[in-house]
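Here is my notebook from an afternoon of looking around. I kept the entries brief, so please read along with the picture open.

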Amino acid sequence: MKLSVEIDGKSGFCGGVIRAIGQAESYLKENPGTTLFSLGAIVHNEEELARLSQKGLKTINSLANVSEGPVLVRAHGEPPGTYQLAREKGINIIDCTCPVVLQLQQRIRSSYADVSGKGGKIIIFGRIGHAEVLGLVGQTGGDALVVENIDMIKKAVEEGQVNIAAPIEIFSQTTGSPGVFADICKYLREIVADESLLHVHNTICSQVSSRHSQLMEFAASHDVIIFVSGKYSSNGSVLFQLCKSVNKRSYRISSEDEIDFSCLRDGDSVGVCGATSTPKWLLEKIASVLGRFKTVS
């Protein structure tokens, strides 16, 4: 059996993740033998986390049991309360919040100050409980409404959680689906009678939004898609479903051990791609395994 294998050149870490991992590696190189704490997984990819763990990066879930730093804040960002607690405990923070996320936090904080006294609402399109979303909601003191899909916003309106006669400011998680966000915004435009009350902020990262159309083309141009991402990657879930929508022979794996060779046929063109949290070295490793499969009959 022979396969032709191509790696998607646009797959791999986004700029924010590259920056965070680079700062972590620099610190660990300059301070050999030390431990650097990461508040939450620096990237949602188990293979990359294992690599960084060997270098001295330790993931923690809170500052509760940390008495000294430094503690790295990953690209997803954190709510204001995290920084306040770090100051109270005297913990040094290495802030690796993605500049795009940081700007979004500032915009939400400013918008909330404008609408909170007018009975208005901040709506955030994103995954409930996602690290970035928690940081965004924190800019409003927990007073923002998070919706994951159009059914959730419809229900919120019906139940009176959103007053369509008061100011509404809607934002998106930076890695959100452009299509779903567009549907939600279209619905709001249809039901808000006074258009001056609705302000739509297209805050999906440009690197992410442009990725969707490009990835669809890549997926459609191959017989099989091997999509590589961590099990808990929100961006991975969105992008894999995008691949699946144009190529039914799309399979999601997190490591080379999960490749199901029985899904492959002689002569298949195989495209290897991944999420913004998938390291290039892992894509290359999986492509190499698939390439060696050419010798199997």
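Predicted model: local features only at pLDDT ≥ 70, side-chain atom pairs only at ≥ 80, totals over all residues.

**Entry 1**

I began with α1 and helix α2 (residues 46-55), whose axes come within 10 Å and cross at roughly 20 degrees. Residues are numbered from 1 along each chain as its sequence is written, and side-chain values use heavy atoms, with hydrogens and water left out.

Helices (H or I, at least four residues) and strands (E, at least two) are DSSP runs, numbered from the N terminus. Axes are lines fitted to C-alpha atoms, for helices over the stretch in contact, and angles run from 0 to 180 degrees between N-to-C directions.

I noted that α1 and α2 are therefore roughly parallel to each other (angles under 35 degrees count as roughly parallel, over 145 as roughly antiparallel, 65 to 115 as roughly perpendicular and the rest as oblique). Their crossing is left-handed, meaning that the near helix is turned anticlockwise from the far one by less than a right angle; clockwise would be right-handed.

Which residues make the contact? I found Ile-21, Glu-25 and Leu-28 on the α1 side, and Glu-48, Arg-51, Leu-52 and Lys-55 on the α2 side (contact means heavy atoms within 4.5 Å). Sorted by class, the contact of α1 with α2 has three nonpolar, no polar and four charged residues. Here Ala, Val, Leu, Ile, Met, Phe, Trp, Tyr, Cys and Pro count as nonpolar, Asp, Glu, Lys and Arg as charged, and the others, Gly among them, as polar.

**Entry 2**

Next I looked up an open sheet of four strands, in the order β3-β2-β4-β5 and with parallel pairing (two strands pair if DSSP finds at least two bridges between them). Its edge strands are β3 (57-60) and β5 (93-95), each pairing on one side only. From one strand to the next, the twist averages 30 degrees. Helix α1 (residues 15-30) packs on this sheet and touches β2, β3, β4 (71-73) and β5, with a direction at about 140 degrees to that of β5.

I then followed one pairing. Strand β2 (residues 36-39) and β3 pair in the parallel sense over four bridges, and Phe-37 has Lys-58 in β3 as its bridge partner.

**Entry 3: another four-stranded sheet**

I also found four strands forming an open sheet in the order β7-β6-β8-β9, with parallel pairing. The edges are β7 (145-147) and β9 (198-200), and each pairs on one side only. The twist averages 20 degrees from one strand to the next.

Strand β6 (residues 121-125) is joined to β7 by three bridges, and the two run parallel. Ile-123 has Leu-145 in β7 as its bridge partner. Which helix packs on this sheet? I found helix α7 (residues 178-191), touching β6, β7, β8 (168-172) and β9, with its direction at about 170 degrees to that of β8.

**Entry 4: two further helix pairs**

Helix α4 (residues 99-115) packs with helix α5 (residues 131-138) at an angle of about 30 degrees, and their axes are 8 Å apart. This crossing is right-handed. Val-101, Leu-104, Gln-105 and Ile-108 in α4 meet Glu-132, Gly-135 and Leu-136 in α5. I sorted the residues of this contact into four nonpolar, two polar and one charged.

Helix α8 (residues 206-220) and helix α9 (residues 234-246) pack at about 40 degrees, with their axes 8 Å apart. They are therefore oblique to each other, and the crossing of α8 and α9 is right-handed. Among the residues that meet here are Val-208, Leu-215 and Met-216 in α8 and Val-238, Leu-242 and Cys-243 in α9. The residues of the contact of α8 with α9 divide into ten nonpolar, two polar and one charged.
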